[in-house]
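Welcome! Have the sequence and the 3D view at hand.

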Amino acid sequence: MSGVALAGDITVIGRHSLAGAELGAPAAATHRLHLTLVRIEGSGWTRERALVALREAAGILSQCGVAVDRAELLDLAAPDSLDFSTPTARELARAFPLARPAVYLVRDTKSRPAFDAEAIGRGNSRSRPELADTVWMTEATRDPGIALAHELAHVLMDSGEHSDQEGNLMREETSARNASLSAAQCARLRETGSRNGLLERGS
């Protein structure tokens, strides 16, 4: 798909907005996160699965005082379901710019080695700046709510680091058993996310 102009091939076929109350946003949150989720038609992701993952991820991030207080879910029709590859993703980002952080729910990945989910922050996007502050998740992603929180934490901390701490969200293998973040991780997430304009201070 590299070099193919996608603008005329992309169609918005659905749009669903959610407020913080629908996402369980804690009233006492110190920071607020606005998310854009993109579900590609034919990817295998249903709207229901996407919303369940979003709500679970929002609950996990709330332990850091971060509330997902607004989210927009877009359903896009695009050629060939837009399996993830850097060239195709760059074309999509250029053809259809979105507010960040943005999460793309796709069918599969063409990258090798293959990852079910991938976070692209500032530090690992220098050669592909169009993809900064995005998350890409394939239909095969296990524990999608945990995985979404894990990848968003990578983006908000602008770090690819993993943790060996038992039960920590940032362990390399995502699992329902791994959902906690340390005080230091939360502090970095809030500070870096705010500095990069991805978080707003709570009211």
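Helices and strands are DSSP runs, helices of at least four residues and strands of at least two, numbered from the N terminus. Keep in mind that the model is predicted.

**Exercise 1.** Work out where L73 sits and whether it is buried or exposed.

*Solution.* Start with the element: L73 belongs to strand β3, which covers residues 66–77. Next, take the cut-off: a residue is buried when its relative accessible area is under 20%. L73 has 1% relative accessibility, so it counts as buried. Now look at its surroundings. Beyond its neighbours within four places in sequence, L73 touches G14, R15, H16, L37, R39, R47, A50 and L51. Finally, find V38: it lies 35 residues from L73 along the chain, yet their C-alpha atoms are 5.8 Å apart.

**Exercise 2.** Describe the largest pocket and what lines it.

*Solution.* Begin with the volume of the largest pocket, about 570 Å³. Among its 24 lining residues, F115, A117, H150, E151 and H162 come closest to the centre. Two elements give two or more residues each, β5 (117–120) and α3 (144–157). The largest share, five residues, is from α3. Sorted by type, the lining has seven nonpolar, ten polar and seven charged residues.

**Exercise 3.** Decide why the overall size agrees with a compact globule.

*Solution.* First, note the length, 203 residues. A compact globule of that length would have a radius of gyration near 17 Å; the protein has 16 Å, so the two agree.

Note on methods
Residues are numbered from 1 along each chain as its sequence is written. This is a predicted model: local features need pLDDT of at least 70, side-chain atom pairs count only at pLDDT 80 or more; totals for chains, interfaces and linings use all residues. Side-chain values use heavy atoms; hydrogens and water are left out. On a 1 Å grid over the protein atoms alone, a cavity is a set of points where a 1.4 Å probe fits but cannot get out, and a pocket is an open set with protein on both sides within 12 Å along at least five of seven lines; lining residues have an atom within 4 Å of a point. Grid points are joined across faces, edges and corners, and a volume is the space filled by probe spheres set on the points. Ala, Val, Leu, Ile, Met, Phe, Trp, Tyr, Cys and Pro count as nonpolar, Asp, Glu, Lys and Arg as charged, and the others, Gly among them, as polar. Buried means under 20% relative accessible area, exposed over 50%, partly exposed in between (1.4 Å probe, protein chains only). Contact means heavy atoms within 4.5 Å. The radius of gyration is taken over C-alpha atoms; the globule rule is 2.2 Å times the number of residues to the power 0.38.
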